[in-house]
Each structure stands twice: as C-alpha cells, then as structure tokens.
Amino acid sequence: MSRIELKNIDKFFGDNHVLRNLNLVIEDGDFMTLLGPSGCGKTTLLRVVAGLEKPQNGTMTIDGVEIINAADALFVEPSKRDLNLVFQSYALWPHMTAYNNVAFGLKIKKIPAAKIEEMVMKSLRLMRIDELKDRYPNELSGGQQQRVAIARAIASEPKLILLDEPLSNLDAKLRIDMRAELKRLHREIGATIIYVTHDQIEALTMSTKIALFEEGCLAQVAPPMELYMNPIDLVAADFIGNPRINFLKGTASYSNEKLHVKINIGEYDFDKEDMTEEPIPEGEFPCVVGLRPEQVYIHTEAVESSIPATIYAGQPAGSETLVTLTVGGQEFLAKEIGLKDYEMGQTVYLEIDPNKLNVYDEKSTRLIKLAV
Amino acid sequence: MANKIKHPLTGKRLKNLILGVVSNPFNMVVFISLILLISLIIVPLFTMLRETVTLAASELRRVDGEIGDFTLYYWKYVFASKLSSAVLWTPLRNSLLIGIFVTAISVPLGSILAWLVVRSDIPGKRLLSMLVIIPYMIPSWCKALSWLAMFRNSRSGHLGFFAGLGINIPDWLAYGPFAIISVMVLHYYAFAYIMVSGSLRSVNSELEEMGEIQGASKLQILKSITMPLVLPSILSAAIMTVSKSVGSYGVAANLGTRIGYFTLATKMKEFINVGPHAVGYVMSILLIVMATGTIFANRLFLGHRRSFETMGGKGTRHTPIPLGMSKYPLLIFIVVFLLVAMVMPLFVLLMETFQKSTGMGYSLDNLTLYNWIGRLEDATWQVDYPGIFRNPEFGRAVWNTLRLTVVASIITAFCGQLLGYISSRGRGKWYGSLTEQLVFIPYLMPGVAFSAIYFAMFAKPSLFGLIPSLYGTFTLIVLVSVVKHFPFASRAGTANMLQIGTELEEAADIAGASFWRRMIRIVIPLAKQGFISGFMLIFISIAKELDLIIIMMTPQTRTMSYLAFQYSRDAMPQMADAISVCVLVFILISYRIANHFGADIGKSWG
C-alpha cells in the first residue's frame with residue numbers, strides 16, 4: 001500500500017532531455033499505466049521510481065517519506081524502497097531454478113527458511129506455476145517465464161510493483177490471458193502497480209488510471225474510459241483508439257453560451273456545460289471534430305436526421321466490419337459489430353449522436369467540447 | 001550546457017554525494033583499477049621516455065655532465081651520428097622492407113584462401129578450414145627453426161635437409177630477408193585468413209544472389225558486391241600485418257642476426273643487452289610509434305567504412321559459388337601449399353630430433369633416440385650434450401614455462417573479466433571509455449618494445465626504493481606477460497560481460513543483493529564459460545611467447561621458447577628442435593582443450 005508523489009522530475013541522458021519537469025501522483029492501490037509510443041520516457045520514469053536511474057532534478061516521496069531529492073543528491077537504494085520490478089526481458093537468472101529465482105530476494109532479507117518456502121510457494125501458486133518450481137528458465141516457455149518473473153516480484157509482498165512492458169514478448173492469445181491474470185492479481189494482492197506499455201488495449205483494459213506520455217511530458221492523466229472518451233488534445237486522440245478516431249475539419253464559433261460547429265456532414269450546436277475550460281478563440285475559428293468509428297451507425301434506409309453517404313469500401317473481418325465512407329468529399333471510417341456486406345458505391349444513411357463528438361481547437365489542438 | 005541543472009552545494013548534498021560514491025563498492029573497484037592501469041601502463045612508458053633524455057653512468061666518459069642530467073645524446077646517437085646508418089637507417093629499412101613484403105604476399109594469399117573456403121564449392125571445405133589455420137597456432141619462432149632445418153647450409157656447422165641432399169643452399173636463401181619474409185608470410189597469411197573469412201561469413205549470400213538476378217556476372221559480383229563489403233576487413237588485416245611484422249623479433253633474430261642482418265627490433269635488443277640502454281629505449285619508442293601509427297592510420301581510413309561489417313548483419317545463408325572446371329586445380333594448389341608450407345617443414349623438424357647428424361639422411365644408422373633420452377656417457381659419437389629429457393636446463397625450462405603460463409594466464413584472465421566488467425558497465429561513461437583506452441595501449445606496442453619499457457622501469461629500484469629492482473625475477477616476467485595480454489583479455493571479458501544483461505543485476509539489486517553478492521551469486525556463475533575460453537586462449541598465447549620475455553630472461557627464468565632459441569643460436573639444432581616439438585605438442589593439446597570449452601582460435605590475437 002503506498003502513495004507515490006513525483007514532483008518536477010527532470011532526467012537527461014547526455015544532451016537528451018528524456019523526462020521534462022514531470023509531476024505525477026499515484027494513489028494508494030492504483031493500477032497506474034504509463035502509456036505512450038516508444039522513446040517517450042515511460043520506461044525511464046519507471047526506472048527512476050525503481051531507483052535504477054537518478055534524475056537530475058525533482059523529488060519523489062512514497063507515503064510521505066522522501067525517496068528522491070535531487071537537490072540534496074538523496075537517492076534511496078532500490079532495495080530500500082519496498083518495491084519490485086518485472087523487466088521486459090523478465091531478467092530471470094538463467095543459472096537458478098524457478099524456485100531459486102523467487103527465493104533469492106527472500107534469502108537476502110534473511111527470512112527463516114521455512115517462511116521462505118511458504119512465501120515462495122504461495123506466490124508460485126498464485127501465478128499457477130507451482131509444479132514448475134524446479135525448472136530452469138530455459139526449460140520454460142515465454143509465458144511461464146513471465147509468470148516466474150511476476151512471482152519473483154510479488155514474493156516479498158512489496159507495497160509497489162513495477163511492470164515494464166511485461167506482455168510485449170508474448171503471443172496474442174497469451175497476452176489476453178495474462179491481462180486477465182494481472183487484473184486479478186492486482187485485486188488479490190492489493191499493491192499499487194505501475195505498468196509501462198505502448199499497447200493502448202493493455203492500458204485501457206487493466207488500469208485504474210492511465211498517464212499518457214508525449215515526448216517526456218505527461219499529456220493526460222485520467223481513468224481509461226475518460227481518456228478514451230475525451231482525449232485532451234489531437235495527438236492523444238490520434239494515439240488512443242483502434243481503429244483510429246476520424247478527424248473531420250470544419251469551423252466553429254462561440255456565442256450566447258453556445259458552440260456552433262460546421263463540418264461536412266452537418267452543423268451542430270453544443271451547450272456550455274459540455275465544454276472544457278480551454279480558452280475559446282473570438283469569432284469563427286477552424287476546428288477539428290473527433291468521431292469514433294464505432295459511433296457511426298449505418299442504415300440502408302433513410303431514418304430521421306440521417307446523413308446520406310457513399311460506401312467507398314467495406315472490410316468485413318468476422319466479428320466486426322470496417323467501412324470506409326464518403327460524405328461530400330470527406331472520407332472517414334465506421335466500425336460495425338458483426339458481418340455486414342456493402343456494395344462499393346452504394347448509398348447508405350448515417351446516424352451520428354452529436355453528444356459523442358469531440359471538438360478540438362485546430363490551432364491549440366486542445367479539446368474544447370467533451371463527449372458525454 | 002543549457003540542459004544541466006545546477007543545484008547549490010549544501011552540506012546535506014555534499015554528504016549524500018560522498019556517501020553515494022563511497023558506499024558503492026563498484027566505484028572503489030573502478031578507482032583501484034584505474035590507478036593500477038595507469039601505474040602499469042602510463043608510468044612505465046613515461047619512465048622509459050625519461051630514461052632516453054637522462055644521462056646514465058656508462059656514458060660519462062663520452063658526455064660532459066653528471067648522472068641524471070638532461071641530455072639529447074641518445075637521440076642524437078640514433079638519429080644524427082656517424083653510427084646512425086648502422087643503428088637506425090639500415091635496420092629501419094630492413095624492418096619496413098619485411099613489413100611491406102610480408103603484407104603484400106600474406107594478405108592476398110589469406111584473402112583468396114578465405115574466399116575459396118568460405119564462399120566457393122571447393123571440395124573438403126570443413127577439413128581445409130581447419131588445416132589452413134594450423135600455422136597460426138604454431139609459434140612463429142618454431143617456424144623459423146623449421147626453416148633452418150630445411151635450409152641450413154655449412155655456415156651453421158650443421159647441414160639442413162636440402163644441403164644434406166647435396167643441394168647448394170646460398171646464404172640469401174637460408175638466412176636474411178628472404179627467409180624472414182617467407183617464414184612470416186607462412187604465419188600471417190593465416191591471420192589474414194581468419195579476419196577475412198570472418199567478414200566473408202557475415203556477408204549474406206542473398207546480397208550476391210540479388211546481383212545475379214540483376215544480371216551481373218560472377219566476376220562483376222565479386223568486384224562490385226563482395227569485395228566492397230569485405231574490403232574493410234582486408235585493409236584491417238593488411239595494416240595489422242604491417243604493424244605486427246615490423247615489430248616482430250623472434251623470426252628476425254633467428255634468421256637474420258647470424259649473417260649480420262638486423263631489423264629495428266633485433267638491433268634494439270642488442271642495445272638493451274650491451275648498452276647504452278637508452279639507445280635501445282629510443283629505438284623501442286620508434287617501434288611503438290611505427291606500430292601505433294599504422295593502427296591509427298587504420299582507424300583513420302576505415303573509421304566510417306567499418307560500419308559495412310555490421311551492415312552485412314547476421315547473414316547465415318550461404319549458397320556456395322560453383323568454381324566449375326577450376327575446382328580441382330585450385331584444390332591441388334591448396335594441398336600442395338599446405339604440404340610445402342606446413343607438413344614438410346614440421347616433418348623435417350621432427351626428424352631432425354632423431355638424427356645423429358642433421359642433413360645426413362634418414363638411414364637407420366643416422367637415427368637415434370639419443371637427442372631425447374640419451375646420457376652423455378653412453379654417446380658413441382662426438383656430442384657434448386645429453387638428451388633433452390636428461391638435461392636439467394630443459395627440466396627447469398619446462399617448470400618455468402608451466403609456472404609462467406599458469407600463473408600469468410590466471411591473473412590475466414581474472415583481470416580481463418574485471419576490466420571487461422568495468423568497460424561493459426561503463427559504456428558511454430567516462431570511466432568505461434578511459435578503461436578501454438588504457439587497456440588498449442599495450443596492444444599498440446610490439447612485444448619486444450613493450451618489455452623494454454618494463455626493463456627501463458624495473459631494472460633499478462623505483463618509487464624511491466619502494467619497489468625493488470625486479471630485473472631477473474619471475475615476478476617481472478609474469479607482470480609483463482599479464483599487462484601485455486590485457487587488451488585481449490579485457491576484450492574477451494567485455495564480450496563475456498555484455499552477454500550478461502544489466503537487468504539480471506538490476507533485478508538482484510532491487511532484491512537487495514549488495515555489489516559483492518551480485519558478483520558472487522549472479523555475475524561470476526554466468527561468466528564462468530566465457531572466462532574459461534578466454535583463459536585458454538591467453539594460456540596458449542603466453543605459452544608461445546618469445547618476443548615479449550626475451551629481454552627479461554636470465555639463466556634461472558628461461559622458458560622453453562627461450563631455450564629453443566638459445567640452443568639454435570649455439571648450434572645445437574637437434575636440442576632446439578626437440579624443444580619446439582614439445583612446445584608444439586603442448587600447444588596443440590591446449591588448443592584441443594580450449595576448443596572443448598568453446599574457445600575460437602579466430603578470436604585469438606596471438
């Protein structure tokens with residue numbers, strides 16, 4: 001159980017400014033995912049928290065205890081931070097059995113042998129690999145190695161568990177299994193977890209909160225669904241969601257507490273209460289409307305306030321169908337559940353809920369109208 | 001530096017900074033290693049430099065001044081005196097001549113062999129690729145003795161194989177530049193072979209097949225695809241060969257000095273022996289400058305092109321290129337080459353150890369086991385030495401060789417792993433690159449010049465008498481062998497340590513393991529395999545060594561290699577040959593063991 005507070009963290013590798021004045025609070029019991037494309041600094045932040053990297057600036061506290069204070073050159077040793085780390089490569093010691101890999105840290109802590117046995121077996125059982133305890137890492141499959149690595153991290157019951165892209169070396173099916181496993185583990189052991197990934201599905205499915213990284217800065221910290229519904233700027237919106245969000249360019253103006261938006265597929269008015277606190281430019285200004293592909297409903301017959309569109313191409317994929325559509329020269333993507341078959345050039349009728357649209361100021365790229 | 005954040009230096013910060021450095025044993029290990037490296041490499045070098053401008057007692061008669069005065073006498077002696085021609089210019093010309101010819105012949109030879117063995121469909125490739133590198137396992141001074149066994153003429157008092165057949169062997173064939181160049185070619189072609197074949201193996205044959213699809217002929221492919229890709233390694237091989245052959249001592253001494261043919265290395269040794277020492281030091285500096293110069297030229301030329309080697313990547317697929325009609329003639333050429341260059345000389349060398357008189361044929365009445373096990377009192381013909389196994393000198397030499405090889409290679413291998421650990425964990429940090437650079441320095445120096453440095457440093461008490469004179473001691477020979485092999489050992493150690501991911505250590509760090517515990521429980525168990533193979537290669541390299549230790553030899557510390565050299569000069573060819581045979585057997589067995597532990601002779605630098 002622990003609450004972690006990072007303040008003004010700066011980290012340089014040579015001239016490379018990897019973490020830029022970063023502030024983040026991780027609440028007790030959170031499953032916090034650091035999400036971002038590769039090279040954005042998320043692993044570096046994890047290593048700063050673990051104590052494997054020393055930031056040049058900033059402070060960190062765990063439960064109010066100062067762990068890092070760069071100004072005082074105070075860096076508490078990794079082993080004294082009561083945390084454990086699962087590496088992307090797993091970093092299992094190849095010359096030790098699964099059992100000994102898990103027991104190593106406990107032996108160092110001089111825990112009595114009987115107790116060690118109990119703790120090791122408990123965590124191996126929790127990861128459902130207790131029958132594999134006498135195998136060496138090279139006798140285990142990738143998924144099993146992964147479980148040993150996690151068992152090793154949780155054996156000493158640390159307050160904080162750090163996971164660095166742990167699923168990236170697994171195949172697609174195992175990854176889905178392990179996602180469920182990790183979510184369950186978080187619930188069972190109740191520790192705070194910091195999880196690094198570039199895979200948004202992992203982030204969205206497992207976390208209680210996501211910290212979205214953009215080039216060493218935090219773009220947005222929010223619960224997964226909020227992040228998905230209302231990405232804070234165009235870059236974040238573009239990053240989150242698969243297939244990608246549609247961006248429809250248009251113009252907007254704000255008057256009488258109403259935001260009036262004009263795009264190819266229609267004109268919409270939004271109430272002030274659905275808007276963010278971002279400053280709104282004077283008069284008419286260019287905007288970008290974000291439309292999630294699954295928010296587009298396709299009808300073959302016209303319904304009330306529907307928009308006629310032409311099928312450009314359909315991509316049926318079994319469980320879902322992606323459809324590329326054009327309306328007045330604007331091309332965008334829709335996603336339907338199930339198998340649908342459309343003719344190319346066929347006219348269809350779209351139903352779009354304006355409340356689900358995001359509106360961004362094109363110039364500042366910031367979100368000005370929330371999807372609700 | 002806009003990016004660096006400056007924090008005011010408070011008392012608390014200072015305390016934490018100091019604690020951070022002192023409480024980490026790794027920092028102490030780095031600190032001590034750097035101090036040792038500096039005192040074992042930089043300090044001796046500067047001591048020698050200082051000696052060359054300091055007046056010594058023996059020159060007092062000729063130079064005004066007192067002992068210890070600054071003087072340019074020795075430099076003038078070498079560069080601008082009546083003796084310059086004999087001391088410097090002639091030996092320098094000889095050295096360069098040898099270096100250029102050896103390179104010009106051995107590099108193309110090795111490259112062609114490499115191409116044939118790696119890329120063509122020549123029959124018996126597996127066997128050939130093994131046989132071709134055997135000459136590299138044989139110490140070059142052994143090859144010099146083989147050459148003498150074949151070509152000695154009446155000048156030596158003992159006839160060689162051909163002279164014994166009644167063929168008149170002129171001096172220029174038996175001794176001097178032709179002989180030296182031939183013997184060195186037979187050594188260094190294998191070096192070029194190893195470098196070029198390694199590079200050829202990394203070229204994916206798909207690159208060549210792509211050329212073929214585009215319609216290029218075999219010759220065009222070789223010229224415009226294969227050659228440019230392996231050219232960097234051929235050039236490297238050439239430059240390394242120049243550098244190594246110019247400074248080589250053993251062969252030149254064995255085949256040159258008896259007719260008064262001196263190279264820079266052999267002339268230098270004369271001065272170290274008889275004085276003035278400082279003249280020898282000046283020449284040794286010249287040798288170092290020449291060797292260093294060529295290697296830096298290598299870096300300069302190849303600096304940006306070296307990237308080719310990695311670009312070839314892990315190409316593992318190899319479709320052999322058909323040689324067609326020329327397949328068998330080429331095979332015959334290689335077989336004949338190996339017979340003439342390797343099998344026959346070694347056979348003659350071995351047979352000499354069973355002959356009463358060399359060059360007198362292999363009839364039964366000339367054959368004897370006396371040279372191996374005979375007692376002086378049982379000899380039935382004119383002979384003044386007992387068989388080698390009855391010779392106490394030989395026994396002492398075996399003991400010295402074993403003791404030196406074992407002690408020095410264990411120390412070297414350990415230091416190598418430690419230095420490798422520092423370099424690998426300090427990648428991109430100042431202490432990592434400093435360690436790498438310091439460790440590389442002995443590699444730039446020819447063995448005989450390197451030992452001259454140690455001779456200069458330790459011939460008399462140094463550090464105000466804190467270190468006694470080590471000259472003539474076993475310690476000094478061990479020391480010089482250890483430090484000279486640092487470059488190879490630490491390169492092997494770095495490669496070994498890079499295989500152990502830092503994450504394995506970080507995981508232990510988080511688990512609470514201290515630095516020493518991480519070493520003992522994680523790093524050492526995982527480094528074992530690489531340690532053993534590195535150790536074996538160092539072991540063999542030290543067992544072969546002659547150039548490096550020849551200056552340090554005294555009757556008490558003679559090794560087998562030195563004794564063979566000595567006997568050969570004292571006109572006792574059978575004894576010298578018998579020792580060579582022993583050394584050869586010892587080395588081949590060691591290679592066999594090394595191979596068992598996964599050591600690759602291609603990685604050895606000897």
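Colleague: Hi! What should I know before I start?

Modeller: This is a predicted model, where local features need pLDDT of at least 70, side-chain atom pairs count only at pLDDT 80 or more, and totals for chains, interfaces and linings use all residues. Residues are numbered from 1 along each chain as its sequence is written, while chains are lettered from A and ligands numbered from 1 in the order in which they are written.

Colleague: Thanks! How many helices and strands does chain B have?

Modeller: Chain B has 27 helices and zero strands. Helices (H or I, at least four residues) and strands (E, at least two) are DSSP runs, numbered from the N terminus.

Colleague: And how much of chain B is buried?

Modeller: Buried residues are 47% of its 606 residues. A residue is buried if 20 or more other C-beta atoms, placed from the backbone, lie within 10 Å of its own.

Colleague: Let's look at H17(B). Where does it bend?

Modeller: H17(B) bends by about 40° at B:Leu339. That bend is the angle between axes fitted to the seven residues ending there and the seven starting there.

Colleague: Which of its residues are buried?

Modeller: Among them are B:Ala341, B:Pro345 and B:Leu349.

Colleague: Switching to chain A, what is the strand order in the open sheet?

Modeller: The five strands run E16-E20-E17-E18-E19, with antiparallel pairing. Strands pair if DSSP finds at least two bridges between them.

Colleague: How many bridges join E17 and E20 of chain A?

Modeller: Four bridges, in the antiparallel sense. In E20(A), A:Tyr349 is the bridge partner of A:Pro308.

Conventions:
Buried ≥ 20, exposed ≤ 12 C-beta atoms within 10 Å, placed from the backbone.
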